[in-house]
Amino acid sequence: MSEKLAFAEGDFVVYPSHGVGKILGIEAQEISGYRLNVFVVHFDKDRMTLRVPVTKAKASGLRRLSTQKEMQVALVKLKGRSKAKRTMWSRRAQEYEAKINSGDPASIAEVVRDLYRNAGQPDQSYSERQIYQAALDRLVREFAAVEEIDESTATERLEQMLNAA
């Protein structure tokens, strides 16, 4: 196992399709006659526990929290101009979902930026709001964990950045 992926109990990690979780420990499990060591990752917000085989952690995209520098790159994207394409909504929705599930904070910030609506803009459709909220929640959780602040403070800070852009 590479040193980079040696997670310890109590570490915060990011699983691409679920966001920020906490390593509860490493367990040995027997599955179909094979003995596997698995990371036990708990996602507090979703009240879910995931077991990721240690040997598959890298391939599954399990990673450490972003660094301050990586988060700054995401925040710069958040402050940029919206690049919403004029393609069909179903195609854009698929692209947005893929960016959210990539687990990359910069890609997630692009989705938040593109779907953000302030008071003077037209209302969003239900599916736009759903995708926007999913992206915002994912970005807020990682931002809060990196900055070591609570999620409501992180949400306020991100919304201030969006309003200022």
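**Side-chain pairs in a predicted model**

Good morning. Arginine 113 and aspartate 114 are both buried. Their side chains meet in a salt bridge, with 3.0 Å from N to O.

Glutamate 147 and arginine 157 provide another case, their side chains meeting in a salt bridge at 3.8 Å, N to O. This pair links distant parts of the chain, since glutamate 147 lies in helix α5 and arginine 157 in helix α6, residues 151-164, with the two 10 residues apart. Are these residues buried or partly exposed? Glutamate 147 has a relative accessibility of 23%, so it counts as partly exposed. Arginine 157, at 34%, likewise counts as partly exposed.

Arginine 51 is partly exposed at 39% relative accessibility, and glutamate 27 is partly exposed with a relative accessible area of 31%.

I turn now to the aromatic rings. A search of the whole structure finds 3 aromatic pairs. One of them is formed by phenylalanine 7 and phenylalanine 39; it is edge-to-face, with 5.3 Å centre to centre and 70° between the planes. Where in the chain do these two residues lie? Phenylalanine 7 sits in the segment before β1 (12-15), whereas phenylalanine 39 is in strand β3 (residues 34-43), 32 residues apart, and the pair thus links distant parts of the chain. Both phenylalanine 7 and phenylalanine 39 are buried.

Why is the pair of tyrosine 116 and tyrosine 132 called tilted? The ring centres are 6.3 Å apart and the planes stand at 45°, so the pair is tilted; an angle under 30 degrees would count as stacked and one over 60 as edge-to-face. Tyrosine 116 is in the loop between α4 (105-115) and α5 (126-147), and tyrosine 132 is in helix α5, 16 residues apart. Tyrosine 116 is buried, because its relative accessible area is 14%, and tyrosine 132 is buried at 9%.

Thank you for your attention.

Key. Residues are numbered from 1 along each chain as its sequence is written. This is a predicted model: local features need pLDDT of at least 70, side-chain atom pairs count only at pLDDT 80 or more; totals for chains, interfaces and linings use all residues. Side-chain values use heavy atoms; hydrogens and water are left out. Rings of Phe, Tyr and Trp (its six-membered ring) pair if their centres lie within 6.5 Å; planes under 30 degrees apart count as stacked, over 60 as edge-to-face and the rest as tilted. Helices (H or I, at least four residues) and strands (E, at least two) are DSSP runs, numbered from the N terminus. Buried means under 20% relative accessible area, exposed over 50%, partly exposed in between (1.4 Å probe, protein chains only). A salt bridge is a side-chain nitrogen of Lys or Arg within 4 Å of a carboxyl oxygen of Asp or Glu.
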